Amino acid sequence: MRDEAAGPRVVVYGDQSSGAHLAAMGAGAAGFAPRSGSVETLLETCIAVAEGKMVFPYLDVRDLQNSLMQSLSRRETDMLQALSKGMTNRELSRELGISANTVKFHLSNLYDKLSVKNRAQAIAYYYSNQSG
């Protein structure tokens, strides 16, 4: 797998409280295994990653979702808020003062950051992560 540049990566860590799991995930890792864990745990993690799963123990998905929302740029946050109002690309272009092509570019980046495939999923993500 070392020869495969786009292959999944497993990180073996020593300190679970350091936030390294988020950094590893952000860098493209697919698995995170404790150095103090058993050999069986490491093997199970490797097998799960090889099967296409993501393995991140000690990771609260709610924290990850919150950190994703906080990782958006101001422009991406504005676009997501405008998108949540049901605006078309043309309306987004006028609202944000950017070209239609720039809207498409920002939407593509936004979808990638949020790990969603389309406008409807982005809007659902936005509303599911609103506080209050």
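This is a predicted model: local features need pLDDT of at least 70, side-chain atom pairs count only at pLDDT 80 or more; totals for chains, interfaces and linings use all residues.
Colleague: Happy with that! How many helices and strands are there in the protein chain?

Modeller: The protein chain has 7 helices and 2 strands. Along the sequence, their pattern reads β-α-β-α-α-α-α-α-α.

Colleague: Back to His-106, then: why is this residue called buried?

Modeller: Buried means under 20% relative accessible area, exposed means over 50%, and partly exposed lies in between (1.4 Å probe, protein chains only). His-106 has a relative accessible area of 18%, so His-106 counts as buried. Leaving out residues up to four places away in sequence, His-106 touches Arg-75, Met-79 and Ile-98, where contact means heavy atoms within 4.5 Å.

Colleague: What makes H4 roughly perpendicular to H6?

Modeller: Helix H4 (residues 74-83) and helix H6 (residues 100-114) pack at an angle of about 95°, with their axes 10 Å apart. Angles of 65 to 115 degrees count as roughly perpendicular, under 35 as roughly parallel, over 145 as roughly antiparallel and the rest as oblique, so H4 is roughly perpendicular to H6. The residues making the contact include Met-79 and Leu-80 of H4, and His-106 and Leu-110 of H6. As for the axes, they are lines fitted to C-alpha atoms, for helices over the stretch in contact, and the angles run from 0 to 180 degrees between N-to-C directions.

Colleague: And how do you know how H4 is placed against H7?

Modeller: H4 and helix H7 (residues 119-128) pack at an angle of about 100°, with axes 9 Å apart. That value makes H4 roughly perpendicular to H7. Here Leu-80, Gln-81 and Leu-83 in H4 meet Arg-119, Ala-122, Ile-123 and Tyr-126 in H7.

Colleague: Why is the pair Glu-76 and Lys-113 called a salt bridge?

Modeller: A salt bridge is a side-chain nitrogen of Lys or Arg within 4 Å of a carboxyl oxygen of Asp or Glu. Glu-76 and Lys-113 meet at 2.8 Å, N to O. The pair ties together parts 37 residues apart in sequence, because Glu-76 lies in helix H4 and Lys-113 in helix H6. Glu-76 counts as buried, at 8% relative accessibility, and Lys-113 as partly exposed, at 33%.

Colleague: How many salt bridges does the rule give?

Modeller: The count comes to 2. Arg-74 and Asp-78 also meet in a salt bridge, at 2.9 Å, N to O. Both lie in helix H4, 4 residues apart, which is about one turn of the helix. Arg-74 is exposed at 58% relative accessible area, whereas Asp-78 is partly exposed at 24%.

Colleague: Last one: why is Leu-42 called partly exposed?

Modeller: Leu-42 has a relative accessible area of 34%, so Leu-42 falls in the partly exposed class. Leu-42 is found in helix H2 (residues 39-50).

Technical notes
Residues are numbered from 1 along each chain as its sequence is written. Side-chain values use heavy atoms; hydrogens and water are left out.
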